[in-house]
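Trainee: I am new to this structure. Please take me closely through one part of it, step by step.

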Amino acid sequence: MLTTGVLSLAVAGCGSLGLRDDDTLITGSIKPQPVSLTVPVPHGAPPEGIAAADWAQAKLALDTALDSKETAPSIPWENRETGARGTATPVGGLKDNKCRDFRIGVVDAKGEHWAQGEACRDGKGGTTLSGVRLLGQA
């Protein structure tokens with residue numbers, strides 16, 4: 001009993017010393033580094049009828065799909081500002097010119113649209129879209 005009382009006082013004493021649990025000690029051993037939040041967006045203007053902001057989101061999804069190890073991944077995208085959404089899917093394998101066909105679905109206030117084209121990597125991590133055309137509405 002005496003031991004329990006002594007331990008209780010010892011533990012209570014630690015709490016009353018004003019010791020804090022937050023680690024505010026800065027040693028300077030690790031220098032803070034700025035972080036870049038820019039993501040390279042594939043180059044290529046939107047096809048007529050698709051808003052530029054929606055196309056930018058779709059291109060980001062396409063870039064993710066092109067990086068995937070899956071054969072034909074379908075990556076969803078959404079633009080919360082406009083309410084548009086869709087999927088970006090590489091189609092077929094890598095061609096001799098190191099490019100790959102793709103299809104992007106867009107569902108917006110005007111309906112459902114499909115665009116297709118060709119995506120080519122430049123070897124520096126950039127992607128250029130070419131031959132992009134709107135297939136029509138579903």
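Mentor: Lys98 is exposed, with a relative accessible area of 54%. (Exposed means over 50%, buried under 20%, partly exposed in between; 1.4 Å probe, protein chains only.) The model is predicted: local features need pLDDT of at least 70, side-chain atom pairs need 80 or more, and totals for chains, interfaces and linings use all residues. Residues are numbered from 1 along each chain as its sequence is written, and side-chain values use heavy atoms, without hydrogens or water.

Lys98 sits in the loop between strands S2 (84-91) and S3 (99-108). (Strands are DSSP E runs of at least two residues, helices H or I runs of at least four, numbered from the N terminus.) Its phi is positive, about 65°, although Lys98 is not a glycine. Most residues other than glycine have a negative phi.

Now move to S2. Strand S1 (residues 75-79) pairs with S2, antiparallel, over five bridges. (Pairing takes at least two DSSP bridges.) Trp77 has Gly86 of S2 as its bridge partner. Four residues lie between the strands of this hairpin, where Gly83 has a positive phi near 85°.

Next comes Asp54, in helix H2. Asp54 contacts Trp77, Asn79, Thr82 and Ala84, leaving aside neighbours within four places in sequence.

Note on methods. Contact = heavy atoms within 4.5 Å.
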